[in-house]
Amino acid sequence: MTANRGPRSTTNGRELRLWKLGRALTATFAAAVLVAGGVFYGLVYLLDFQEIDTAKKLDAKTLFDMMKLSFGVVAGTGALVALVVAYRRQRVDEAGAQREATRLHTERFSKAVEQLGADSPAVQLGGVHSLAGLADDAPDNNMRQTCIDVLCAYLQLPFTPDPGDDPAHRLERDHYLALRKVRHTILRLIGDHYRRPQGTYRSWQGCDLDLSGVVIDYGVLMDFSDANFSGGRVSFVFASFSGGAVSFDRASFSGGEVAFNFASFSDGMVFFNGARFSGGSVTFRGAMFSGGRVTFEDATGPSPEGLMRAAFSAPPAATVTVPPAWQLTNP
């Protein structure tokens, strides 16, 4: 899984490379002369001129035609020079705009990360929305992935467990609930962005999502329903489902990778109802079902790797529902 990274270059290793103006104009003029010569000799060949009468005197009409031709060549060359200069100016302006967009994105990114690391949950919540907005507006996929990585890294940080309803711990519980709100907001935003069709605005499909080791606790629903996992990797490795829910209903797995390896299901719910498995990778190797519910009703395609072994070793408190065909092919 991808490690946490800082903002990456928006040019993906490609830099603005332009010839020097003198060299570009020389090449343009040479090309114009070659084209003009080619056209001239082409016309001579097509019109089948076998010889030119050098004894004939040059009259005024022929001289005027030659002057028109000369002015036409000069005008054409000037137009080509202007085109080269305009192209250079456009490329330089585009590169400058790209650098400015990268600079502004980096400044916004630094401020959002600073908010996310604040002590106040309210400020952290503002940082969450800022990072999500930055991911939506990122100039390229590298910067979008960086914002997503930071949000996932926050979810992987250890957090204080619920201190309970004891009035003596009221302040601690209020702080715990506020921080849980921040975590649930991140999970909700991730699910919302992954539900959007790939390639559309605010869609994060195709990006890597590292949720390994996170706790999906009470009161949260990650909605991946109708999503198309045709690229990227989503990891719930060693995640703990202790009351929350994740829905992959009617999702299509045709090339992406979703891993629940060694995940713990103690009271949570994961739904794959109507999901289509046609080439993507969904694995449950080493998953432990001590409770909770995982359903694959009306799912089509081969069963996820490791699912049946985990399902058959689950205690009665856990509910794992799979299509009849999977039970027949995975005794």
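Phe277 has a relative accessible area of 7% and is therefore buried (under 20% relative accessible area, with exposed meaning over 50% and partly exposed in between, for a 1.4 Å probe and protein chains only). The model is a predicted one, in which local features need pLDDT of at least 70 and side-chain atom pairs count only at pLDDT 80 or more, while totals for chains, interfaces and linings use all residues. Residues are numbered from 1 along each chain as its sequence is written, and side-chain values use heavy atoms, with hydrogens and water left out.

Phe296 also counts as buried, because its relative accessibility is 0%. The ring centres of Phe277 and Phe296 lie 6.3 Å apart with the planes at 40°, so this pair is tilted (rings of Phe, Tyr and Trp, the last by its six-membered ring, pair if their centres lie within 6.5 Å; planes under 30 degrees apart count as stacked, over 60 as edge-to-face and the rest as tilted). Since Phe277 belongs to strand E12 (residues 276-277) and Phe296 to the loop between strand E15 (293-295) and helix H6 (307-312), the pair ties together parts that are 19 residues apart in sequence. Helices (H or I, at least four residues) and strands (E, at least two) are DSSP runs, numbered from the N terminus.

In total, the structure holds 28 aromatic pairs. Among them is the tilted pair of Phe241 and Phe260, at 6.1 Å centre to centre and 40° between the planes. This pair links distant parts of the chain, with Phe241 in strand E6 (residues 240-241) and Phe260 in the loop between strand E9 (257-259) and strand E10 (264-265), 19 residues apart. Phe241 is buried at 0% relative accessibility, and Phe260 is buried at 0% as well.

Turning to the strands, five of them form an open sheet with parallel pairing, in the order E3-E7-E11-E15-E16 (two strands pair if DSSP finds at least two bridges between them). Strand E3 (221-223) and strand E16 (319-321) stand at the edges with a single partner strand each, so one side of each has no neighbour in the sheet. Within the sheet, strand E7 (residues 245-247) pairs with strand E11 (residues 269-271) in the parallel sense over three bridges, and Val246 has Val270 as its bridge partner in E11.

H4 is mostly covered, with 13 of its 16 residues buried.
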